Amino acid sequence: MKLSEFQIAVDAEFGAGYGGVVVNDLVLASLGGRTAREALAAGVRPREVWLALCEATDVPESHRHGAGRPVPGEQRGASGR
């Protein structure tokens, strides 16, 4: 998982506004008592941080794997024409 995929997964699961709160404020014991933002800044792999967030917030298993990956043929930010 790339950092950009991590952000897409967070936004898709929690929404852009609340996702920011979860990433910046939720302290994750499994990541050494750091927030997701702190863990990423310390070099923890985005996938590991994503799974720790999922575990801490009870994200369903079906939403955890493949999250944030681009959908083939779908363009992000397309104007819809």
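Predicted model: local features only at pLDDT ≥ 70, side-chain atom pairs only at ≥ 80, totals over all residues.
Two packed helices are described by the angle between their axes and the distance between the axes. For helix 1 (residues 3-14) and helix 2 (residues 16-25), the angle is about 115° and the axes lie 7 Å apart. The crossing of these two helices is right-handed. Helix 1 contributes Phe6, Val10, Asp11 and Phe14 to the contact, and helix 2 contributes Ala16, Tyr18, Gly19, Val22 and Val23. By class, the residues in the contact of helix 1 with helix 2 comprise 7 nonpolar, 1 polar and 1 charged.

Helix 1 also packs against helix 4 (residues 46-57), with the axes coming within 9 Å and crossing at roughly 20°. Because angles under 35 degrees count as roughly parallel, helix 1 and helix 4 are classed as roughly parallel to each other. Their crossing is right-handed. On the helix 1 side, the contact is formed by Leu3, Phe6, Ala9, Val10, Glu13 and Phe14, which meet Pro46, Val49, Trp50, Leu53 and Thr57 of helix 4. The contact of helix 1 with helix 4 contains 9 nonpolar residues, 1 polar residue and 1 charged residue. Phe6, Val10 and Phe14 of helix 1 take part in the contact with helix 2 and also in that with helix 4.

Threonine 35 belongs to strand 2 (residues 34-35). Its relative accessibility is 6%, so threonine 35 counts as buried, the cut-off being under 20%. With residues up to four places away in sequence not counted, threonine 35 touches Val23, Asn24, Asp25, Leu26, Val27 and Leu28.

Notes: Residues numbered from 1 in each chain as written. Heavy atoms only, no water. Axes fitted to C-alpha atoms, helices over the stretch in contact; angles between N-to-C directions. Helix = DSSP H or I, 4+ residues; strand = E, 2+ residues; numbered from the N terminus. Left-handed = near helix turned anticlockwise from the far one by under 90°. Contact = heavy atoms within 4.5 Å. Nonpolar A, V, L, I, M, F, W, Y, C, P; charged D, E, K, R; others polar. Parallel < 35°, antiparallel > 145°, perpendicular 65-115°, else oblique. Buried < 20%, exposed > 50% of the residue type's maximum accessible area, 1.4 Å probe, protein only.
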